[in-house]
Amino acid sequence: MGRPEVLALIPARGGSKSVPRKNLLVLGGKPLIAHSIGQALASRHITRTIVSTDDEEIARVARQCGAEAPFRRPAAFAEDQSLDVEVFRHGLEWLWDQEAYAPDLVVHLRATGPVRRVVLIDQAIETMLAHPEADSLRSVSTPIQSPYKMWRIVGGRMEPLVRLPDVAEAHSSPRQSLPAV
């Protein structure tokens, strides 16, 4: 097999309610979406970078930053509760139907995660390519606050978010004695 076809797909809808137009807000002198595009373009393995958006201004900015924006995401897949899988299915089906393009691997880069190291993207791709039996890989990190010390409000009362079966008050236990998450 020659060089694998690795697609970076960056979802970036235009209708954020909590932070309006967030994908275009300037961070470090450039639009938020430009950071993820730049990381994809800097990867040694990513062969194509596409932004999936419902918004013409985001598409224009994405193209100016070096990404492709060959289609507009349907409104049904750009709602507050839209699932990532719908966005990816739409994009991949469009690419197949319009271009007969099917990548060997798809890398999901969120526009809202601008601080990531390209070397880690490349290591993740290399890991996936070394394990063809795997169907996905997800990056995670240790949280600042343990979920065993978090609370939620239920019926006007506080209750632990997560309970440990054999620990009566995990929220009061030293963090070192709690399971790593």
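These notebook entries record what I looked up in the structure above.

**Ground rules.** I am working with a predicted model, in which local features need pLDDT of at least 70 and side-chain atom pairs count only at pLDDT 80 or more, while totals for chains, interfaces and linings use all residues. I number residues from 1 along each chain as its sequence is written, and I take side-chain values from heavy atoms, with hydrogens and water left out.

**Entry: Lys17.** I looked up Lys17 and placed it in the loop between β1 (6-11) and β2 (26-27); for these labels, helices (H or I, at least four residues) and strands (E, at least two) are DSSP runs, numbered from the N terminus. Lys17 has a relative accessible area of 59% and is therefore exposed, given that buried means under 20%, exposed over 50% and partly exposed in between (1.4 Å probe, protein chains only). Its side chain makes a polar contact with the side chain of Asp80, at 3.3 Å. I noted the definition: a polar contact is a pair of N or O atoms within 3.5 Å, where within protein one must be able to donate a hydrogen and the other to accept it, and residues adjacent in sequence count only if both atoms are side-chain atoms. From C-alpha to C-alpha, Lys17 and Asp80 are 8.1 Å apart in space, although 63 residues separate them in sequence.

**Entry: aromatic rings.** How many aromatic pairs does a search of the whole structure find? I found one, and the pair, Phe71 and Trp94, counts as tilted because the ring centres are 5.1 Å apart and the planes stand at 45 degrees. The criterion is that rings of Phe, Tyr and Trp (its six-membered ring) pair if their centres lie within 6.5 Å, with planes under 30 degrees apart counted as stacked, over 60 as edge-to-face and the rest as tilted. The pair links distant parts of the chain, since Phe71 is in the loop between α2 (56-64) and α3 (84-99) and Trp94 is in helix α3, 23 residues apart. I recorded Phe71 as buried at a relative accessible area of 3%, whereas Trp94, at 23%, is partly exposed.

**Entry: Arg48 and its partners.** I then turned to the salt bridges, of which the whole structure holds 13; each is a side-chain nitrogen of Lys or Arg within 4 Å of a carboxyl oxygen of Asp or Glu. Arg48 meets Glu68 in one of them, at 2.8 Å from N to O, and this pair links strand β4 (residues 48-52), where Arg48 lies, to the loop between α2 and α3, where Glu68 lies, 20 residues apart. Arg48 also forms a salt bridge with Glu99, whose closest N and O atoms are 2.8 Å apart. Glu99 lies in helix α3 and Arg48 in strand β4, so this pair ties together parts 51 residues apart in sequence. By relative accessibility, Arg48 is buried at 12%, Glu68 is partly exposed at 29%, and Glu99 is partly exposed at 36%. The charged end of Arg48 sits over the ring of Tyr101, 4.5 Å from its centre, which I checked against the rule that NZ of Lys or CZ of Arg be within 6 Å of the ring centre and within 35 degrees of the ring normal.
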